[in-house]
Amino acid sequence: MALKFEKFREPYVIESIKFGLLSPHEIRRMAKVSIMRSDIYEADGSPVVGGLRDPHLGAIEPGESCPVCGNTREECPGHFGRIELARPVILPHLGDIIHSMLQSTCRKCGRLLLPPDRISNLTRLYYKRLRDRWPRLAEVVVKSIIKEASETTECPHCGESQFKVRYIRPIIFYERRPEGEVRLTPLDIRDRLEKIPDEDAMLLGVDPKSARPEWAVLTVLPVPPLPVRPSITLETGLRAEDDLTHALAEIVRQNEKLKSFLSTNAPETMIEDAWLTLQHVVAAYIDNEFPNIYQLTHRRKRPLKTLAQRLKGKEGRLRGNLSGKRVNFSARTVVSPDPYISVNEVGVPVEIAKTLTVQVRVTPHNIEEVRRYVLNGPYKWPGATFVYKADQDRKIDLRYQKDYKKLAEELRPGDVVERHLIDGDIVLFNRQPTLHRMSIMGHIVRVMPGKTFRVNLLVCPPYNADFDGDEMNLHVPRLEEAQAEARELLLVEKHILTPRYGGPIIGGRQDYISGAYLLTIKTSLFTLEEVSRIVSRAEAKTSIPEPAILKPKPLWTGKQLVSMFLPQDLSFKGRAKISSGALKCDSEDCFNDSYIVIRKGRLLMGVMDKNAIGAEQPNNIPHVIALEHGENKARELFDTLFRAFIRVLEVKGLTIAYSDIEVPEEAMEEINRLTEEAKKEAEELIRQYREGVLEPIPGRTAEESLELKIIERLQKLRTDAGEVAIRYLKPSNDIFIMTRTGARGSDVNLTQMAAMLGQQTIRGRRIVRGFRTRPLSHFKLGELSPEARGFIRGNFRGGLKPTEVFFHAIAGREGLVDTAVKTSQSGYMQRRLINALQDLVVSYDGTVRDSWGNIVQFKYGEDGVDPKATYHGKPVDVKRVVEKVRGSGG
Amino acid sequence: MSGKAPERWILEHRLVPEHRVLSLEEAIQILRRLGVKPWQLPQISINDPVVRLLGAKPGDIIEIRRKSPTGGVAIAYRLVVAFERRS
């Protein structure tokens with residue numbers, strides 16, 4: 001909604017960018033003043049004429065008028081100055097290029113060291129054809145030309161014999177003449193580079209129009225205008241100059257010193273020294289982190305931020321100001337859960353809603369509504385902060401208005417009102433790190449009391465959010481075009497399915513899964529009151545069905561309740577997560593209730609657990625619904641059925657207690673027996689090893705074999721012990737329910753709580769580090785027994801021995817270190833990948849192309865399939881199709 | 001980068017997909033179908049063993065048919081170039 005009175009400039013389109021070297025002529029032409037004094041201010045505080053704040057560099061003081069262009073500081077763009085260098089200076093950044101140019105051209109006549117016919121051949125046939133069409137290949141040609149030319153020992157043009165040039169980074173060049181090594185000064189180098197003809201320079205990969213070879217040796221240095229290096233006035237009234245100004249001052253100082261040495265005929269060594277220093281200072285001015293130069297510092301401490309430092313790195317101009325910017329109309333706060341808002345909504349605190357605004361144009365249709373906002377003013381939600389009058393080219397800030405009523409009455413169609421965020425607006429919601437496209441999604445605003453963003457729990461998986469203090473960002477799209485785009489493309493329901501692996505990324509976790517399980521197991525029957533409790537908040541569209549049991553009182557099964565929310569024509573089959581061990585089910589003909597069958601929208605058998613409703617579980621119920629009934633249907637399911645799932649927990653309760661991990665005496669005895677057995681076997685292995693009769697694993701030493709065998713045996717012991725303990729747990733045990741349904745925790749967690757922690761390892765080995773031949777002084781020297789190498793027999797319920805606690809801490813620390821290292825490494829890899837791939841596009845003909853139109857892939861993914869629209873990679877699930885056609889009758 | 005010629009059996013190796021030099025007419029047709037200039041195609045070095053065996057020259061377009069885990073048979077086109085892109 002561009003306002004007509006906001007002046008817009010026709011946008012410029014950058015067609016191309018060309019990099020080159022500035023010629024001395026050009027530098028002198030730009031420069032309005034020659035800088036010759038290193039002091040900046042006179043004693044009276046006025047800038048030194050011919051110093052780094054010379055008025056000719058641009059007007060920056062209020063009221064000052066520029067002596068060059070006559071503008072005041074608002075209009076004056078600033079002007080360049082120059083430093084005439086007393087002696088030329090090599091740019092060390094171009095050192096390697098200078099080196100190769102010296103080596104491949106004649107030291108006398110400056111021609112390229114190749115026979116004349118070959119030069120013309122290369123120029124005409126190859127280079128002219130290559131440069132525009134095959135820039136990458138042209139580079140390679142240049143490399144081979146340089147290589148060939150620098151190996152020539154006699155100039156084919158003038159017959160002069162050639163010598164090797166040795167380059168000592170960053171600035172020193174030597175020539176290996178027969179009489180010995182001779183230093184090449186920048187003067188000599190410049191002379192030689194000047195002699196290279198334009199045609200030969202082209203063959204060296206230089207475009208002489210934009211960068212003559214000799215321009216790589218500076219004779220005059222441009223001094224950037226003052227707006228590039230503004231000074232700041234501290235509270236104390238003292239002036240602090242920009243780092244660039246400091247660096248330039250140092251250059252001027254060295255330059256003047258060298259000048260005076262030259263004019264007073266100082267000894268050669270002093271001149272040499274001053275010259276070298278000047279080269280270092282100029283190098284540092286360009287890049288203060290260049291290897292092997294003297295860094296410029298602030299009074300021996302902080303290195304100066306010179307030109308390269310302004311551009312480089314995360315906070316540099318490119319990454320910090322161009323690729324990434326700070327934005328307005330955004331908010332950030334802590335997130336907290338609210339299961340009773342829709343998945344595509346976000347709860348926004350009133351305070352934030354009053355700060356973030358959207359522009360609405362007044363029309364005859366909305367004028368009454370907009371008037372109400374203006375009447376409320378900027379401090380009462382839902383109000384307005386600004387009014388733009390169309391006919392007066394005026395912006396009215398409501399904070400400074402008293403008579404809202406008058407303003408509201410004066411509103412006319414065509415005016416624009418900046419109003420608060422209200423329910424139903426669309427915003428973008430984001431949690432860092434933004435690793436995939438689901439890290440930024442469109443949400444519908446729901447203004448709420450409180451100070452946190454409220455999020456539906458089901459969108460935690462795509463954002464990878466939890467509520468231990470996570471903060472998230474919110475952005476308001478302000479143009480109608482942007483809002484429409486967000487609604488069409490970014491809304492949460494458009495991202496239920498991930499393009500990564502063809503499955504739903506949004507779905508239940510933790511309580512949703514336990515709740516679904518408790519709701520759908522055969523033993524759960526609900527009274528009318530319980531049914532109403534569960535179903536009421538879920539906003540079912542169908543009425544409650546006939547109860548499954550009528551006498552002695554009406555009772556409903558959980559499966560009946562689930563069926564109320566499923567689409568009428570849904571059919572689904574699949575194995576539940578709990579389908580393992582004794583409860584395994586492979587088909588419909590199974591009594592363990594661990595095979596889900598939904599037919600015509602009715603849950604006929606099977607329990608719902610992680611496999612049926614979990615997040616990131618391909619081919620589960622939400623996935624099938626999203627694909628076959630549309631994303632909107634899937635969202636409805638999340639807003640209804642899933643709400644019922646957590647309601648179940650409020651009816652039935654889910655809690656864990658110490659008693660849940662208690663196992664009966666006989667189980668403990670069995671575990672002890674297994675432990676003794678394993679220990680005996682381990683001792684036997686150790687005995688065999690000591691006697692040297694242990695059968696080694698091929699490719700391993702005896703010691704390695706022993707360790708591996710012991711680890712293997714002890715790992716088996718833990719699984720066995722866990723199995724025993726789990727076997728004795730009641731099926732109604734809440735921890736057991738959680739691990740079995742996949743809601744939280746694993747069998748290993750349960751084993752460690754109830755049975756034993758088992759072998760602790762670092763990098764897959766038993767714990768051996770610590771003292772010389774033993775991890776702790778509690779053990780004998782060189783002891784190999786399980787206990788001495790990190791085997792923990794205790795469990796969390798019974799508690800650990802001191803040595804066991806220590807071993808557990810060692811293994812735990814390794815895990816923490818691993819995660820820290822892994823996140824940083826994978827983050828960097830991700831960055832590089834994204835930078836490499838971000839501009840690739842699948843074009844309408846199915847090919848993948850880069851921004852130049854070069855073909856990268858002839859068919860996207862070699863099959864042209866969008867994984868988002870697949871069943872976990874398969875475009876068609878043949879079994880489902882067959883099932884659908886066949887099962888329509890039953 | 002010449003040296004000993006590659007041996008013919010590499011064409012039969014199970015990891016080497018089927019290569020074929022396109023005729024001029026075919027090449028023009030392919031380029032027209034894709035709407036690209038030759039240099040916008042992926043490239044293959046003239047020093048590639050298979051390219052040397054086929055005797056292709058710079059500027060030729062090679063059709064490669066390879067088995068793809070996703071798409072059955074995937075066809076790709078490569079432009080033969082004289083210089084390696086190694087820097």
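Let's start with one pair of residues: Tyr167(A) has Phe173(A), in β3(A), as its bridge partner. That pair belongs to β2(A) and strand β3 (residues 172–177) of chain A, which run antiparallel to each other over 4 bridges. When I say strands pair, I mean DSSP finds at least two bridges between them.

Before going on, a word on what we're looking at. This is a predicted model, where local features need pLDDT of at least 70 and side-chain atom pairs count only at pLDDT 80 or more, while totals for chains, interfaces and linings use all residues. Residues are numbered from 1 along each chain as its sequence is written, and chains are lettered from A and ligands numbered from 1 in the order in which they are written.

Back to that sheet. It's open, with 3 strands in the order β2-β3-β4 of chain A, paired antiparallel. At the edges sit β2 (165–168) and β4 (180–184) of chain A, each pairing on one side only. On average, neighbouring strands in this sheet are turned by 30 degrees against each other, ignoring direction.

Now zoom out to the whole of chain A. There are 27 helices and 31 strands in chain A. Its radius of gyration, taken over C-alpha atoms, is 38 Å, well over the 29 Å that the globule rule gives for 890 residues, so chain A is more spread out than a compact globule. That rule, by the way, is 2.2 Å times the number of residues to the power 0.38. Along the principal axes, the C-alpha trace of chain A spans about 115 × 100 × 65 Å.

As for domains, the bounds come from an automatic or database domain assignment. Chain A splits into domain 1 (91–217), domain 2 (229–322), domain 3 (330–503), domain 4 (510–652) and domain 5 (658–807). Over C-alpha atoms, the centres of domain 1 and domain 3 of chain A are 62 Å apart.

Next, helix packing. Axes are lines fitted to C-alpha atoms, for helices over the stretch in contact, and angles run from 0 to 180 degrees between N-to-C directions. We call angles under 35 degrees roughly parallel, over 145 roughly antiparallel, 65 to 115 roughly perpendicular, and the rest oblique.

Take helix α16 (residues 511–520) and helix α21 (residues 631–652) of chain A: they pack at about 75 degrees, axes 8 Å apart. α16(A) and α21(A) are therefore roughly perpendicular. Residues in this contact (C-beta atoms, placed from the backbone, within 7 Å) include Tyr512(A) and Leu519(A) from α16(A), and Phe642(A) and Phe645(A) from α21(A). By class, the contact has 9 nonpolar, 2 polar and 2 charged residues. Nonpolar covers Ala, Val, Leu, Ile, Met, Phe, Trp, Tyr, Cys and Pro; charged is Asp, Glu, Lys and Arg; the others, Gly among them, are polar.

And helix α22 (residues 665–691) with helix α23 (residues 702–727) of chain A? What angle do they pack at? About 175 degrees, with axes 10 Å apart. That makes α22(A) roughly antiparallel to α23(A). Their contact residues divide into 16 nonpolar, 1 polar and 5 charged.

Last stop, the partner chain. The contact takes 17 residues from chain B and 15 from chain A. On the chain B side, strand β4 (residues 72–81) of chain B gives the largest share, 5 residues.

Terms used:
Contact = placed C-beta atoms within 7 Å. Helix = DSSP H or I, 4+ residues; strand = E, 2+ residues; numbered from the N terminus.
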